[in-house]
Amino acid sequence: MKFKGNVWKFGDHVDTDLIIPARFLNVSDKDELAGSCFVDVRPDFAEHVSPGDIILAETNFGCGSSREHAPLAIKAAGISLVIARSFARIFYRNAFNIGLPILESEDAPDFFSDGDMISVDLATGQIKGEGMDRQFSAKPIPPFMQEIVRAGGLVEYIREKGAL
Amino acid sequence: MTAPMTITEKILAAHAGQDSVAPGDLIRVDVDLALANDITAPLAIRVFEQLGPREVFDKERIALVPDHFVPNKDIQSAQQAKVMAEFARRHGIKHYFELGESGIEHVILPEKGLVVPGDLIVGADSHTCTYGAVGAFSTGAGSTDLGAIMATGKTWLKVPAAIKVVYEGQLLPWVGGKDLILFTIGQLGVDGANYKSIEFSGEVIRDISMDNRFTMANMAVEAGAKNGIFEPDEITRKYLEKRADREGNYWQSDPDAHYEKTIRIRVDDLEPQVAFPHSPANVRPLSDVGHIGLDQAFIGSCTNGRIEDLRAAAMILRGQTVAKEMRLIVIPGSPDVYKQALKEGIIEDMLDAGAVIGPPCCGPCLGGHMGILAEGEKAIATTNRNFIGRMGHPKSEVYLANPAIAAASALLGRIGSPEEL
Ligand code: SF4
């Protein structure tokens, strides 16, 4: 899988209350959730995000609650991929389970800023800036998780295999 | 002979059908109890249904607890709660708690004896780690995980590396589980235990009550941990004796089990701790707080909504009056906690002091309802998170503390100690 999109840059410890505040959790429709994505920290996000855009964040992205509404909202908003230096554990599972690919990269978050166009190869973990030679790498995804991503999410995976 | 293991590794191995496991192993495990609430269940149910028509894996091993937005705060919440209630009825879910018997999931489940030592519990709520207090492996997951578990009774896990925290010495007055865990999170940072297991031990832990253990295990996730766990002992046995039908497995860590890190904390001088906005790791000892004027105090939540918490608060509130222009909201964590508090005269003392008492639920903890903060307002709360906007307006502030400090602060109108009264 290859991705290309504009960067939305975030810092450390972006928690799920920032991704989608609890007051918007009284619905579970993903498009409605997408409309409230990052409202408190980046009120312009939902309106200006374009399909295919990529989130680039520092450490511990997605910490806090277990709400799957967070990756769902991000995905429904049009984000194709999230790259961070590290992810909080539950967010990591949730993202794979719902088919939102994520990558951990040590060096890429330092280098790019808002609006940069980057391309990413999920299979190799290579990250590249548009018109740039320099490449950045991400941690390879464990094989079991790759299978889940390939299937399109945990539901599809179980459907395919008939079991977990 | 298998390699020495921690209690967490032993529980995981037993549920994976293996003799042993090691950190980093990806394993498929049987789940003893699956949990969801009114926010996470509707998504999990959708996933369950996408998996095709089927029965749940076990009607007696799923707990569905409406607690976040109940009593339903608006039409949308009511719709969500209805999805869960109908699913429970359709599938004959034994442990569905309707309003009246319901309270906060993490208060109710141990109280009803549904979690026992040695269990493997997965809940679609990050504070599912609370049940580590009884010596279970218990962790939060997402709704898709939960939907899949409801269908298959299984899930996948990566065996976490372990951090051991050893508490030694003698606790000062007004210092309890909340302060130990806040201090520990301050030491570790919000991702200091990411993907890891925290094992609480040491002489302080051996004597500490179940309610304090629940408070500590509850906040393990605030350091990013996958689970927080206590080795079950006589205190655990006593707590569960009259509650649980099952005995459970009283696993203990091997003396030579491997820990990635061991942290020793001397508690003799440990003051009550306060976590400043907007992170549970942003802790200071009470004496370093300075003048923080308050608009609201909230005593409740799955962290500190149990009977001992209310007792501690009542001891301070009894015969006193909440400061002018200050709101004190108290929410007992369950109907049983509420009844016990009534019996002990705690509720009356609180009402006399000027508190408002809410029905058992999460209330303002996650900014749902029953005590939302306005722009610029400051609150002290016995909850577990003080992220931006957690309890209301993005420009409001939440300070986390134990129930005695929250009660004293309600009387003072600023963050302060019971000793100042
Ligand atoms: S009391 Fe707060 S932290 Fe606990 S389950 Fe409810 S919302 Fe979550």
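By contact I mean heavy atoms within 4.5 Å. I also kept in mind that this is a predicted model.

Entry one, a phenylalanine. I began with B:Phe200, which lies in strand 9 (residues 197-201) of chain B. Leaving aside neighbours within four places in sequence, I found B:Phe200 in contact with B:Val165, B:Tyr167, B:Ile181, B:Ile205, B:Met216, B:Ala217, B:Gly228, B:Ile229 and B:Phe230. I then checked a C-alpha pair: B:Phe200 and B:Glu231 are 31 residues apart along the chain, with 8.0 Å between these atoms. Is B:Phe200 buried or exposed? B:Phe200 is buried, because its relative accessible area is 2%, under the 20% cut-off.

Entry two, the strand. Five of the five residues of strand 9 of chain B are buried, so the rest of the structure largely encloses this strand. I looked at each face: B:Ser197, B:Glu199 and B:Ser201 are buried on one side, and B:Ile198 and B:Phe200 on the other. Strand 8 (residues 162-168) of chain B runs parallel to strand 9, joined by five bridges. Here B:Ile163 stands opposite B:Ile198.

I found the ligand in the largest cavity. Helix 4 (105-111) and helix 10 (301-304) of chain B are the elements that give two or more residues to the shell around the ligand. Residues of this shell include B:His68, B:Asp125, B:Cys362 and B:Arg390. I noted how the shell divides: four nonpolar, five polar and three charged residues.

Key
Residues numbered from 1 in each chain as written. Chains lettered and ligands numbered in written order. Predicted model: local features only at pLDDT ≥ 70, side-chain atom pairs only at ≥ 80, totals over all residues. Heavy atoms only, no water. Near = heavy atom within 4 Å. 1 Å grid on protein atoms, 1.4 Å probe; cavity = no way out; pocket = protein on both sides within 12 Å on 5 of 7 lines; lining within 4 Å. Sits in = over half its atoms within 2 Å of the grid points. Helix = DSSP H or I, 4+ residues; strand = E, 2+ residues; numbered from the N terminus. Nonpolar A, V, L, I, M, F, W, Y, C, P; charged D, E, K, R; others polar. Buried < 20%, exposed > 50% of the residue type's maximum accessible area, 1.4 Å probe, protein only. Pairing = 2+ DSSP bridges.
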